[in-house]
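User: Hi, I'm new to this one. Can you walk me through it?
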Amino acid sequence: MRLALSAGLVAASLVAFAAATRPDGHVAAGAYVAVPENYWPAAGQYPVPATPYRHTLRSVTLEDLDARQLLPLGIYKGTPELNANRAWYEQNFYATLAAKKVWPDGGQHWFQKWQGERPWGFAPIPQAAPPPCDQPQPTGYDAESCRYVNALFTELAASDPAKAQAARERVRRGRDVWFKGTFGNQDEIYLHFSRTTPNGIKDIWYPWLDTRERKQRFTKYGVINDPDCTEGDASTNYWDKCPDPHSSGVLGYRKYYADPLKDDSGKVVFDPQTAPYEADELKHNKRFVIGHPCVQCHVGFDPTNPPADPNQPKWENLSATIGNQHINQPTMFFQGAPEDSLARIALQAGRPGTIDTSLVANDFQNNPGTQNNIMDFQNRRVFKNRMKDPVTGEVREGLTQHVLKGGEDSVGDHLALIRVYVNIGMCTEECWTPNFPTPGSFFGDKAKQKPFRIAQCAKDCEPWNYADAKMDDLAAFLVTGGPTYLLQAKEVDGKPGSQFVDLAQVPAGRKVFARECAACHSTKVAPENVRGDREALARFYQGHVFGKEDYWQYEFSEAERNSPEFVAQYLVKDAKSGALRPKQFVAAAAAGGSAGEVFGQDWLGNDEPTPFNIIGTNACRALHDNHNEGHIWEEFSSLDYKERPSPGSMPKVINRMFPLIGGLKVGEREVSGGPGYLRNISLLSVWATAPFLHNNAIGEMPRLADGTPDPSVAARIQAFEQAFDELLRSDNPNDPNARPQKISVTPIDFWLAPREDGQGLIKLPVSKGTPIANFASANPHAPLFMKCDDPVENKGHQFGVSLSAEDKLALREFLKLM
Ligand code: HEC
Ligand code: HEC
């Protein structure tokens with residue numbers, strides 16, 4: 001088999017030979033994986049645009065971070081399988097972005113016995129490498145990738161073109177992993193989710209992927225159309241028409257041909273590659289299976305450049321890393337299952353822009369969370385933690401960021417990133433579900449989670465190694481994501497972002513922020529003895545610029561800026577331009593940052609874990625315990641995480657679903673083993689990401705008259721102002737300034753099967769209006785007590801609640817600038 005690609009498209013490493021597949025389905029190292037001929041039907045049709053970005057990009061490489069001793073994060077060095085074959089994984093980078101099971105009979109299987117034998121092997125689903133960026137591209141996506149990387153490392157390109165080129169290529173590879181890497185994760189939906197619905201796979205499909213929905217996909221579901229695609233028709237089997245053969249037309253949904261369906265005698269009854277269209281085939285998942293790359297939840301609209309029509313965005317309207325704040329996940333998962341199934345109802349406690357990431361390896365607490373923006377991770381603090389190498393067993397100190405809302409992933413970015421692939425379905429049947437408790441069990445090991453073992457996974461699930469080989473490139477891409485500043489935003493009608501902020505309020509707001517908020521929301525870390533003292537904090541943050549480098553001119557009053565003492569203390573004249581610059585940025589630049597602003601910018605969060613009872617917001621996310629010793633993600637949290645001191649206790653409450661005694665408080669339970677904290681998160685671009693809090697519960701998402709979520713600058717500011725005003729209200733229901741409480745309740749009467757798979761003989765009647773947390777926050781394997789009992793979802797933190805109206809207003813305008 002020879003690979004035929006038009007001349008310009010042959011990427012250096014992709015000279016193809018037949019894939020040498022081992023009997024177990026592994027592709028043996030040494031062979032190149034063949035890519036289908038004419039992989040890119042629209043090759044060469046998309047020129048690379050040179051339009052500059054309005055949102056900020058960071059020209060930072062992993063080597064830069066290494067030079068600043070911020071790397072390596074973690075101590076993990078890869079699995080034996082990966083280390084023995086690195087060259088092969090490198091050469092087959094694009095060919096191993098997706099994978100599938102190879103069943104012994106070559107057919108498509110929708111059912112696998114719970115924790116049963118695993119008769120299959122694996123094969124990659126090859127994709128072609130894109131051509132270099134100095135050529136026209138095969139898709140608009142690839143042209144956008146080139147626009148993105150061309151905007152990076154421009155200074156480096158002037159001094160060391162080869163190094164800049166290598167850095168750009170790496171970021172591009174990482175971006176491709178983010179948008180396209182699925183590594184066999186289609187199995188989570190088809191093999192596992194279908195176990196929790198009454199009719200199995202027949203219950204699960206994707207109505208929004210039907211091309212006839214294209215015009216209203218964002219309106220109805222909050223998903224983002226692939227700008228490269230157009231509406232299809234019968235000739236495309238009612239899928240979108242896309243230049244990328246694996247695009248479904250919706251970003252974050254990659255389509256791969258299903259295997260042939262066979263009857264009992266082994267005869268092929270439906271060959272997805274050739275069969276004529278069958279009515280209702282979309283509902284039966286006959287032609288394609290869907291895998292999910294990270295952008296399923298993380299790609300959103302760029303707040304600085306909103307789309308004219310959110311159902312028809314262009315590439316330039318998207319930000320790959322801000323997080324989809326509008327996605328209606330609660331209606332999407334388990335689509336097709338009956339409205340009264342446990343899975344559908346439990347999810348409705350989540351708000352737009354959130355998903356419960358412990359839904360599958362369930363922690364039995366109702367804790368949906370927002371997909372946080374990934375901004376300026378290169379400016380995020382790095383901590384020293386003791387951690388255990390999952391392959392060698394060695395225990396030593398390593399560097400890590402506190403990834404996730406509770407800082408649970410604390411063994412470095414590499415494992416934190418690859419863990420998410422498992423969490424969204426990679427190696428589901430080989431390494432994940434075997435460690436879940438068995439539904440319906442109450443005693444012994446069967447009633448408990450067991451730890452996911454990385455070494456076992458790499459041995460039994462080759463896609464782990466496909467992904468593992470790509471995580472550093474993914475990290476190289478993610479660190480280039482920067483903030484989206486209001487002052488750089490432009491509304492669709494051309495109105496500049498500056499019209500949405502009262503700059504005159506900003507200096508006063510900066511002062512309030514320094515006194516009341518910066519102790520947690522700044523990377524200029526205040527010592528313990530300063531944190532509790534407002535006057536000391538005011539002094540500590542004097543002259544500190546919280547926003548972008550040139551925003552010092554807004555953050556300080558005219559009198560301050562003109563005072564010779566202020567200038568002498570905090571500013572310095574730039575040798576080249578003669579302009580005044582804050583010392584903070586010049587010093588950071590001298591310490592290794594490029595272009596000054598990169599490393600001087602405050603991340604607006606110290607990333608330290610703070611006890612849930614000091615923060616005071618809904619506790620269930622903080623109590624997430626999948627990273628404890630003996631639990632599923634044990635190998636992804638550090639020893640220091642597991643040894644965190646107890647932050648306090650929670651009331652011990654009898655399961656609220658029990659008749660008569662349900663809800664009775666019978667003492668306290670100490671929280672221990674790591675959980676119970678929330679990170680002091682970043683407020684970068686907070687103007688653009690309301691509603692607020694880990695569960696988006698404070699504030700509301702504005703919608704257009706037809707119900708479409710509104711991603712305009714004006715709507716974001718409206719949402720921000722409303723959420724801010726709500727955040728600064730009291731949680732005490734007896735206070736005249738109390739915030740009305742939000743508790744998600746069941747929309748209908750239904751019968752609850754008190755098991756995570758919804759099966760079993762016992763069914764309890766639940767009436768309409770019952771708080772969803774009453775049953776979604778109890779562990780069916782230990783049902784006596786609530787696992788988390790904190791029904792009010794929109795409790796806020798109480799910092800700043802008693803400020804004067806003037807101070808609140810000033811603080812609000814200051815935050816818009818961040
Ligand atoms: C189903 C939706 C979904 C998908 C798909 C998804 N994420 Fe996320 N992501 C989230 C949510 C929700 C959070 C916040 C989780 C938390 O902290 O509780 C998040 C947070 C993150 C963060 C930020 C953590 C921090 O501390 O700031 C990173 C990094 C991340 N995800 C990486 C990935 C990677 C890598 C993938 C693909 C393998 C991915 N995500 C796929 C929903 C998703
Ligand atoms: C003791 C540390 C601490 C202090 C002091 C503090 N915060 Fe926070 N803040 C947090 C934590 C932790 C969260 C996340 C809480 C959650 O999501 O449940 C948060 C969340 C927020 C959010 C929501 C951000 C988002 O994207 O959802 C805003 C806005 C905010 N804080 C503003 C402020 C302001 C304004 C002040 C000062 C008046 C302040 N904070 C003081 C720790 C703190």
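Analyst: One term to begin with: pLDDT is the predictor's confidence in each residue, from 0 to 100. This is a predicted model, where local features need pLDDT of at least 70, side-chain atom pairs count only at pLDDT 80 or more, and totals for chains, interfaces and linings use all residues. Residues are numbered from 1 along each chain as its sequence is written, with chains lettered from A and ligands numbered from 1 in the order in which they are written.

User: What's the mean pLDDT of the chain?
Analyst: It is 93, and 95% of the residues reach 70 or more.

User: And where does pLDDT stay under 50?
Analyst: Over residues 1–20. The model still has 43 contacts there beyond four places in sequence, a contact being two residues whose C-beta atoms, placed from the backbone, lie within 7 Å. Where pLDDT is low, the predicted coordinates should not be read in detail.

User: OK, switching topic: which residues come nearest to ligand 1?
Analyst: Cys294, Cys297, Leu404, Lys405 and Val420, out of 19 around ligand 1. To count, a residue needs its C-beta atom, placed from the backbone, within 6 Å.

User: Which elements give two or more residues to that shell?
Analyst: They are α9 (295–298), β10 (369–370) and α12 (413–423). Helices (H or I, at least four residues) and strands (E, at least two) are DSSP runs, numbered from the N terminus.

User: How many helices and strands does the chain have?
Analyst: The chain has 29 helices and 20 strands.

User: And what does the C-alpha trace span?
Analyst: Along its principal axes, about 90 × 75 × 60 Å.
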